[in-house]
Amino acid sequence: MTDAIRFLMCPPDHYDVDYVINPWMEGNIHKSSYDRAVEQWQKLHHTIKDHAIVDLVQPEKGWPDMVFTANAGLVLDKTVVISRFYHKERQGEEPYFKAWFESQGFTVHELPKDLPFEGAGDALLDREGRYLWAGYGFRSELDSHSLLAEWLNIEVLSLRLMDDRFYHLDTCFCPLTGGYLLYYPPAFDSYSNRLIELRVPPEKRIAIDEPDAVNFACNAVNINQTVIMNKISDNLKSRLSEAGFNVVETPLTEFLKAGGAAKCLTLRVTEPIIEDRHAATQLESRTVCLQGHLLDAGLINRALDLVVEGGGSFQVQNFNLGEQRQSTSSAQIKISAPSHEVMEEIMSQLIDIGAFSLQEDVQDAKLETVHQHGVSPDDFYVTTIYPTEVRIAGEWVRVQNQRMDGAIAVTEGLSGPIARCKLLRDLEVGEKVVVDVMGIRTIRKAESREQRNNQEFGFMSAGVSSERRVELIVEQVAWEMRQIRDRGGKVVVTAGPVVIHTGGSQHLSRLIREGYVQALLGGNAIAVHDIEQSMMGTSLGVDMKQGVAVKGGHRHHLKVINTIRRCGSIASAVRQGVITSGIMYECVRNDVPFSLAGSIRDDGPLPDTQMDLIQAQQHYSQLLQDTDMILMLSTMLHSIGVGNMTPSGVKMVCVDINPAVVTKLSDRGSVESVGVVTDVGLFLSLLVKQLDRLTSRYDAKTA
Ligand code: ARG
C-alpha cells in the first residue's frame with residue numbers, strides 16, 4: 001500500500017535566499033550554506049523514500065525557491081490546479097511545474113492571471129479526503145477558493161491567516177491520518193478557529209504552542225502513522241505518540257531561512273479521494289458601488305481596509321477618477337467573504353460608509369417579525385446616525401427618527417410602508433424588523449476637499465500649537481453659536497460637574513442668560529455642585545474663590561441637596577430665593593429646559609433628577625429634537641448617549657481634558673464634530689470672551 005504513495009521533490013541545486021518575500025527570509029540573504037542545504041535535503045529525501053516513492057522535478061537556475069514543491073500546485077486524483085504565485089520572484093516557476101504535470105498526464109487547471117493561489121502550500125486535504133482546507137490572507141486570494149471547489153469537485157473550507165510568520169497554511173496547519181489535526185490556533189482569526197472547531201472534534205485537535213510553531217512543527221509530512229518534521233518538543237512528541245504517531249525529526253535549518261521546512265519541500269501527488277464528494281463553499285460575493293470624494297476623503301482606503309480587516313477580499317472592477325477638484329469619483333468593487341456571516345458583517349460596515357449595490361443587484365430589504373416584546377429577530381441591521389433608506393416592494397423608503405444603535409421597524413401606514421429607527425426595548429410584537437443587509441443604503445453627503453481641509457487638517461497642520469488650535473476652534477464655535485442664536489436655532493449643552501470644579505460655572509451661566517443655550521443635559525452631579533457653589537461658594541467642598549478645601553466642606557453638597565429637597569424642586573428653590581445664581585438658576589429664570597439623568601451615587605438625588613433611566617433617555621431625546629449644535633463639556637457617558645441619539649448633520653463640539661474621550665466622541669466624520677482637548681473651564685472662558693468680541697463694537701485695543 002505504501003508504495004502507492006508518491007511525492008514530488010526538487011533537488012536544491014539552485015537553492016539560496018536571494019530575496020525577501022516572507023519574514024523568515026529577512027536578514028538571511030545569501031546566509032544559507034549550500035553544502036548543508038544539500039545534506040539536509042538529501043536526508044529528508046531518504047526519510048521520505050523509506051515510506052513512499054519520490055519523483056523529482058528538474059531544478060531551474062534563477063528560481064531558488066523551486067525546491068519548495070508544495071507550491072507547485074494542488075493535486076487531487078489526476079487533476080492539478082497550477083499555482084499562480086503572488087510574488088513575481090516566484091512566478092517564473094509556474095511553467096516548469098506545469099510542464100512536469102503535463103508530462104505526467106495530469107489534467108491541468110490554470111487560474112486567471114490576477115488571482116494568486118500557491119498550491120498545496122495554501123490548500124490541505126483532510127486526510128480522509130472529505131474536504132479541502134484552504135488558506136488566504138497573505139499569498140492566496142480568497143476568490144480562488146470557489147474555483148478550487150468547482151474544478152476539484154470538493155467542499156472547500158476557507159481559513160484566514162493572520163500572522164505573517166505563518167503566511168502559508170502549511171506553516172501552521174497539518175491534517176493527519178485518522179482525522180487528527182496538528183495546528184497553531186493563534187495563526188488564524190476567530191472565525192476560522194470556530195470553523196476548525198466545528199469540523200474537528202476536540203479529541204482530534206492537537207493545538208501547539210509558539211516554540212513548536214516557530215520550529216515549523218506543523219510543516220510536517222504525514223505518511224500513514226509517520227510524521228516527518230524539522231524539530232519537535234518532547235511534550236508535543238509524546239502527545240503525538242499518544243495519538244498513535246511516530247515522529248521522525250530531520251533538521252532543515254537551512255530551509256527555515258527561506259521560510260520553509262519538510263512539508264514545503266514536498267508535494268504529495270497521490271491524494272486520497274472519496275467518491276461521493278461534491279463541490280461546495282461558503283464563499284459569497286457581492287458587488288458594491290461607492291461614490292464621492294473617494295481619494296480626497298480617503299473613502300476608498302477606508303472601504304478596502306474594512307473588507308480586508310473584516311476577513312474578506314476585494315477586486316476593484318472599475319474606478320472613475322473625478323478629474324476636477326470638485327468632481328466626485330466612483331468605484332465598483334467586488335467583495336468576497338468566506339461565509340454569509342462574515343459578508344453581512346463587512347456589508348453592514350460598507351453600507352455605513354455609503355456603499356450601495358449595483359442597480360441590477362438591488363433587492364428588497366429582508367423583514368422578519370418581532371415575536372417577543374422588546375426583542376428583535378437575530379441578524380437585525382443596526383442603525384447609524386446617517387440618513388438611511390430601505391427598499392420595500394421595489395420602493396426606497398426613508399427611515400424616520402434616525403439614530404444610532406437601533407433597529408429599523410417597518411409598519412404599514414395609510415399611504416404605504418413606514419420605516420422607523422427603534423430601540424430594541426421599544427419593539428412590539430407583530431412589527432417587522434429589517435434583517436440581513438439587503439436593500440439598505442445610507443446617504444452620505446460627499447465631503448468636499450475644502451470642508452475637510454479647514455475642519456481638521458487646517459488645525460492640525462504643522463506650525464499650529466495646541467493652544468492656537470483651541471483658540472481657532474473657539475473662534476469658529478463662537479461664530480456659529482452667534483449665528484444660531486440670531487436665526488432662532490437650537491444649541492444643546494451636555495455638561496459634567498467638572499464644569500463647576502474648573503470654574504466654568506459663571507461662563508456657562510452667562511451663555512444661558514444670553515440666549516446661547518436652548519437645553520441643558522446632565523446628571524445629578526452638575527446640578528448639585530452648581531447649587532453648592534451658588535449657595536455656599538464651594539464645589540465639592542473646595543472654595544472656588546480661594547481654591548482651598550473648606551473645613552467640613554465635603555458635607556456641603558449633602559446639605560444643599562437636603563435644602564432643595566425641602567423646597568420640592570430646583571425651580572421652586574429659585575422662586576423661593578434659595579438659589580440666586582448659577583447654571584441651574586439661569587435655566588429656571590430663562591426657561592431653558594434641563595434634564596438630569598440619574599445617579600448611581602447616593603448623593604440625594606435632587607428632586608429633579610430622573611432616576612428611571614429609560615425615562616431620562618426619552619427626555620434627553622425629546623430635548624435633542626431639531627438641534628443645530630451640541631456642546632459636550634467633560635461628561636463622557638452623557639455625551640456618548642447624546643451622540644447615539646443624534647442623527648448626522650448636527651454639529652458637535654466635544655471638550656475634555658482626556659484625549660481618549662475626545663477621540664471617542666469626535667469619531668463621526670470630520671465635518672460634523674470637532675474635538676478639543678483642554679480644560680473645560682478655560683474653554684468656556686475663551687468662548688464667552690470671543691462671543692463678547694463678536695457682539696461689542698470693534699475695538700482696536702481688545703481685538
Ligand atoms: N521562500 C518561499 C516563499 O516564501 C518559501 C515557501 C515555503 N513553502 C510552503 N509551502 N510554505 O514562497
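Modeller: The patch on the surface is nonpolar and formed by L295, V316, F319 and L321, which together have about 330 Å² of accessible area. Patches take residues with over 30% relative accessible area and no salt bridge, nonpolar side chains (Val, Leu, Ile, Met, Phe, Trp, Tyr) being joined within 5 Å and like charges within 9 Å. A salt bridge here is a side-chain nitrogen of Lys or Arg within 4 Å of a carboxyl oxygen of Asp or Glu. Areas come from the Shrake-Rupley method with a 1.4 Å probe, and for residues only the protein chains shown count as cover.

The model is predicted: local features need pLDDT of at least 70 and side-chain atom pairs pLDDT 80 or more, while totals for chains, interfaces and linings use all residues. Residues are numbered from 1 along each chain as its sequence is written, and side-chain values use heavy atoms, with hydrogens and water left out.

Strands are DSSP runs of E, at least two residues, and helices runs of H or I, at least four, numbered from the N terminus. L321 counts as partly exposed because its relative accessibility is 49%; buried means under 20%, exposed over 50%, and partly exposed in between (1.4 Å probe, protein chains only).

As for the whole protein chain, 54% of its 703 residues are buried. Its accessible surface comes to about 31,200 Å², and carbon and sulfur atoms hold 49% of that. The secondary structure comprises 22 helices and 35 strands.
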